[in-house]
Amino acid sequence: MPSSPRSQFVIKGGQVVDASGSRRADVRVRDGMIVDVAADMTTSEDEATVDASGCVVSPGLVDLHVHLREPGDEEAETVETGTRAAARGGFTAVVAMPNTRPPLDDAAVVSSVLAAGAATGLCEVVSSGCITVGRDGRELAPMGELHALGVRIFTDDGACVAHAGMMRRALEYAASLPGAIVAEHAEDDTLAAGGHMHEGAWSSRLGIPGRPSVAETVIVARDIELCAVTGTPVHFLHCSAAGTVDLVRAAKARGLPVTAEVAPHHFTLTDACCEGFDPAFKVHPPLRTDADIAALRVGLADGTIDAIATDHAPHTPESKEHPFEEAPPGMLGLETALALTLTELVEPGIVDLADALALLSWKPAAIAGLEHQGCDVAPGAVANLAVIDPAMAWQVDARRLASRARNTPFAGRTLTGKVRHTIFRGELVVVDGEATK
Ligand SMILES: [Zn+2]
């Protein structure tokens, strides 16, 4: 069978950056694989050239935290539109969160999400699985059955596991499942329920009930101790509070298998953004303070935080067009995450480019246990790659997003750094910023 130009090409003129370092090299891709990496390659007649001049060629990005909304809320997003947004954002793998309707607590539902992901062919869709049936904290989900389908990340995301005893049982059960980790949405409902933004000076001024930082830190502290007792890896989703960074840093110093992610909105936006009562800035856990942003940035720079994950949470315009207190929490993230990281962390010198890509690619790939993601750009690897122009300035236009939803708090912002091409399993799924299918 003759190879199509999409499956046989040389990425020319780029700077390859991966976990092994940085070097000038061209990359030959054939039939899904990287077959050669060398400087100044000559192309043969039967292969296309993909221009990467001025660009960084990186392992594809990996997002540990995405809400694809299928099944149940397809007006907001589908596996297809969500993975197209992911591909445009440079992601070659996303972990689908379980708060769908019905939730991912059942083998048939998980199988349907995996099948939908395979059908789009835009990026790898990894399914999480619920910790408890219906994510209501009362009964363990059939974790073994879900594990047999390939689920490695168990979480009730959207909801915190309220009861310490249930969390302990989940960790003990997960200990028997190879590669399994338990991921916590750390917000104690008895402290956060009824709140709509960070509890602090701004919530007082605006008269909006708050969700305090301590709602997050009490759960993080609790789960670190449960991790110590059970030995099962615990991952903290969307860490937002300065105190969480301190707790995770101390847990790592104890040698505990604890990992943590931060979402771009939490290291770029504060509670002051809620001043205009725009529901685009409503998210759980909430946008916090300058001091929290500073602590998260230190944690991202010193290795306390392992990954940048988007918590991409699409909502229809109708559902977001409500007063602040009635609107659902959540914001889009897939198409802006890389640019926010480059603009807000790399440009000011908080992390260097290689460390930023580590946070967006190979470290989250390792947390999720993804064999063919985040790999070094070398012959024999599956060709999951992002070609990134780190200097390109662009303005976020909500109308032009591939996501079905429009709820980005970054609309109108000018950012630096854009994905030029994305290669998934050797296929060019994004060329010059546009999805090819
Ligand atoms: Zn969450």
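Tutor: When a lining is sorted by residue type, Ala, Val, Leu, Ile, Met, Phe, Trp, Tyr, Cys and Pro count as nonpolar, Asp, Glu, Lys and Arg as charged, and the others, Gly among them, as polar. This model is predicted, and local features need pLDDT of at least 70, side-chain atom pairs pLDDT 80 or more, while totals for chains, interfaces and linings use all residues. Residues are numbered from 1 along each chain as its sequence is written, and side-chain values use heavy atoms, without hydrogens or water.

Student: How are the residues of the lining of the largest pocket divided?

Tutor: Eight are nonpolar, ten polar and six charged. A pocket is an open set of points on a 1 Å grid over the protein atoms alone, where a 1.4 Å probe fits, with protein on both sides within 12 Å along at least five of seven lines, and lining residues have an atom within 4 Å of a point. Here 24 residues line the largest pocket, with G158, A159, H185, H284 and P329 nearest its centre, and its space is about 410 Å³, the volume filled by probe spheres set on the points, which are joined across faces, edges and corners.

Student: Which residues lie closest to the centre of the second largest pocket?

Tutor: They are R88, E335, W394, L401 and K418, out of 16 lining residues, around a space of about 230 Å³. Two or more lining residues come from each of α11 (337–346), β18 (385–395) and β19 (414–424), as helices (H or I, at least four residues) and strands (E, at least two) are DSSP runs numbered from the N terminus.

Student: Is T132 buried or exposed?

Tutor: T132 is buried (under 20% relative accessible area, with a 1.4 Å probe and protein chains only), because its relative accessible area is 0%. T132 lies in the loop between β10 (124–127) and α3 (143–148).

Student: What does the side chain of T132 join in a polar contact of 2.7 Å?

Tutor: That partner is the side chain of D156, where a polar contact is a pair of N or O atoms within 3.5 Å, one able to donate a hydrogen and the other to accept it, and residues adjacent in sequence count only if both atoms are side-chain atoms. A polar atom of the T132 side chain also lies 2.9 Å from the backbone nitrogen of G137. Beyond four places in sequence, T132 is in contact with residues including D105, L140 and M166, contact meaning heavy atoms within 4.5 Å.

Conventions. Buried means under 20% relative accessible area, exposed over 50%, partly exposed in between (1.4 Å probe, protein chains only).
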